[in-house]
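Please look over the sequence and the coordinates shown here before reading on. The report that follows begins with a single residue and widens from there.

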Amino acid sequence: MAAQDAAVESLRDREIGVEQEHLDRVYHRLEEKIHEAEFLMNDAVKRGQVGTPGALAERDAQVFRAGIHLNRLNSEFEDFLFGRIDLLLGKDGERGPDGAYTSVEPADDSVRDDATADIAETLHIGRIGVLDSDYAPLVIDWRAPAAAPFYRSTPKDPGRVVRRRVIRSKGRKVLGVEDDLMRPELTAYLDGEKLPVIGDGALMAALGQARSHTMRDIVSSIQAEQDLVIRAPAASVTEVTGGPGTGKTAVALHRAAYLLYQDRRRYAGGILIVSPTPLLVAYTEGVLPSLGEEGQVAIRAIGSLSDDAAGLEGATAYDEPAVARVKGSSRMLHVLRKAARGALEVPRPVDEGGQLAFGEEPAQAAVPATPARLRVVAFGARIELEAEELRRIRHNVLGGTAPVNLLRPRARKLLLDALWNKSSGRGRYTDPELIAELRSSFDEDVSTETPFLEFLDAWWPELTPRRVLAAMADERRLGRWSRRILNQGETRRLARSLKRLDAEGNGPLSVHDVALLDELQALLGTPNRPKRKREADPLDQLTGLDELMPQREETQWERAERLAAERTEYAHVIVDEAQDLTPMQWRMVGRRGRHATWTIVGDPAQSSWSDPDEAAAARDEALGSRPRRRFTLTVNYRNPAEIAELAAKVLALAMPGMESPAAVRSTGVVPRFEPVRDGDLAATVREEAARLLARVDGTVGVVVAMNRRAQAREWLAELGERVVALGSLEAKGLEYDATVVVSPAEIADESPAGLRVLYVALTRATQQLTVVSAERDMPDEDGVPDLLRD
Ligand SMILES: Nc1ncnc2c1ncn2[C@@H]1O[C@H](COP(=O)(O)OP(=O)(O)OP(=O)(O)O)[C@@H](O)[C@H]1O
């Protein structure tokens, strides 16, 4: 037995040695390429010194290209080379642009009658493609067509693949190999020697690894059903559904990298990935760089999508469910339309002069809400417009649907018309030319007068989304805008939730406020501002360069940076956890992809939104009539069968009849049930988290009801960085080696979608799960809460 083990080990070592040799060749070639790129950079800099505009533009372009190239080559890929396939001869002998044979099917005579065959081609697969100096492929990019059989081949449908190997390496050192035999019935020979097979496959090895606070890519073990989605054509809409742990997020990220590889030019317009929480953004954002892609992809939390959400972190506060339901509903659109127009009448916030603040009622002899009349002097006489006339003009201007801020020039024009009609100038001449001249000087005189300008500013102020949102905090006013749209209770709750904002709308935003601000931005519009001239660069002035090149064009770098900063629309939009988007959020996301192609991944069973039909309608509106291509993922790679089985009980309650995905592995460790000990919830949770910390190498997540978030953080403060406390809604998409789910009943009762939120909480663990039940969970003698019993 020992001799047999030793033989296996020596075979493994020999195969590791074979792959090491190949990796050495790859690195040698990469070094050559890095030198080439550095040479290009230096050469480009020299060109820059010539100083003619043509040479400068060329230099910028060259530096840009060489910079990208160097960046990719220098990236510290942990396992740059990760796969290999050994293939039979193809049906035809044609080679593709990457030097590999293109045929997927084996040639008729590739297998001999005695079930032996020769390996005709060996391909190594890696994160980027590398050709040797003769243009033969040393490494095929994982996204190239030639790499597809690495993912697609199965023993049932092997194509040309005989052996599929996953290579594990760190830096320049190969650490291990794991093989899957796709044609076990064959005896295959490579260079005259029998093809060896090592290990029991790579997927299980990958799934058993400890989790950290960042997601890993799955590039070495993408499964066939996932590969179909990743490589689906970009056109129109690709919709992917699948239960927890089926790899939807992973697939979405790999698809972004794949699309960029396929058509870099087209996706220079940017790919947007919308994620439900900043936590999930932080968890996933390392995956794309590890796949060799950066820059063109923006991963944004739904709470930071609008320009108005402060900073990239955006909004993290959550409204209580009843408020969230109102703010997310498409009925809000009608309220916001009224508010965007009605806010013109709202007094402006205090300035030094002691005027009113929003939300305050006029006190004593305060300045009136909006000026009641306009008084100017023209041609030596006073002209006035009374309240009724002003009201008529405003009504007239607001007649259409144009954005309010863009209507200001029209309001100004109608005011001048009305003043002119009352002025003495009107009847002075009959000659149209003279009248026109007089009118034009009238307009100029009046419209530059301070009283007129002050009046216009107060009567038709430029509204900001935040100001309008803050104006909605006044319940009486909001009641006017929401009449026949929201009921009284909804109006009250909405107004109250907005009291967090000051008069200018500054203050903590909730995740749902962000979609409202974005809608308001669209309703209000941004007036055109005169273009600012490019600021002079002091260095250019000092060196006299500004005189040499007075109209220096933007460089390619500057242009790329500017476009990224200004980008509001994308070429492709990927929505993760799409089941959670509210109708208002769909509108916000839809505005960013009006001309885009889309990939949408989600799971209706995990939806925390209470009205899925309303959300589905909004989604249809955002996607328009684009055709949809649908995929379903069926295998759960995250949870062991023991945990998946428990979660399935909640699924049966939350969505009767819905099937849960099949767990791909089992650990033999069943979930643990722990009732609160001695009435001390904090101590029980802390002890359970500590117990799990000792049992797993990676992370432990403790999921509590949303209103216990802060509490839970305190309970766990002493336990170190491997433990994280999460509100139920924050657990979306994340995973931990072990989780503690605290009081299923509390989580389920939190909102109308509570059972689905509980389903999410129960499906976060890759190895172990403890459920802590409080009194309201009504645990039985084994500690099993009522909700989780058979
Ligand atoms: N082919 C694969 N090889 C290795 N690991 C995989 C594979 N597919 C998925 N995984 C792993 O399974 C886990 C779950 O994947 P992911 O988070 O993408 O699932 P999901 O469908 O988005 O789940 P949820 O709906 O619960 O958010 C991740 O750790 C992911 O790396």
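Thr246 is buried, because 26 other C-beta atoms lie within 10 Å of its own; a residue is called buried if that number is 20 or more, exposed if it is 12 or fewer, and partly exposed in between, with C-beta atoms placed from the backbone. The model is a predicted one, in which local features need pLDDT of at least 70 and side-chain atom pairs count only at pLDDT 80 or more, whereas totals for chains, interfaces and linings use all residues. Residues are numbered from 1 along each chain as its sequence is written.

Thr246 is placed in the loop between S10 and H6, where helices (H or I, at least four residues) and strands (E, at least two) are DSSP runs numbered from the N terminus. If neighbours within four places in sequence are set aside, Thr246 is in contact with Leu633, Thr634, Val635, Asn636, Tyr637 and Pro661, a contact being a pair of residues whose C-beta atoms, placed from the backbone, lie within 7 Å. Pro244 belongs to the loop between strand S10 (237-242) and H6, and Pro244 touches Asp603, Gln606, Asn636, Arg638, Asn639 and Thr763 when residues up to four places away in sequence are not counted.

| Residue | Other C-beta atoms within 10 Å | Class |
|---|---|---|
| Pro244 | 25 C-beta atoms | buried |
| Thr246 | 26 C-beta atoms | buried |

Pro508 lies elsewhere, in the loop between helix H17 (488-497) and helix H18 (511-524). Pro508 and Ala315 are 193 residues apart in sequence, yet their C-alpha atoms are 7.3 Å apart in space.

Which strands make up the open sheet of 6 strands, and in what order? The order is S4-S5-S3-S1-S6-S7, with mixed pairing, and strands are said to pair if DSSP finds at least two bridges between them. Strand S4 (130-131) and strand S7 (173-181) are the edge strands, each pairing on one side only. Strand S6 (residues 161-170) runs antiparallel to S7 and is joined to it by 8 bridges; Arg168 stands opposite Gly176 in S7.

Helix H25 (residues 681-695) has 15 residues and should span 21 Å at 1.5 Å a residue, which agrees with the 21 Å between its end C-alpha atoms; the expected span is 1.5 Å times one less than the number of residues. In H25 the buried residues include Leu681, Val685 and Leu692.

The protein chain as a whole has 28 helices and 24 strands, and 43% of its 790 residues are buried.

How values were computed. Contact = placed C-beta atoms within 7 Å.
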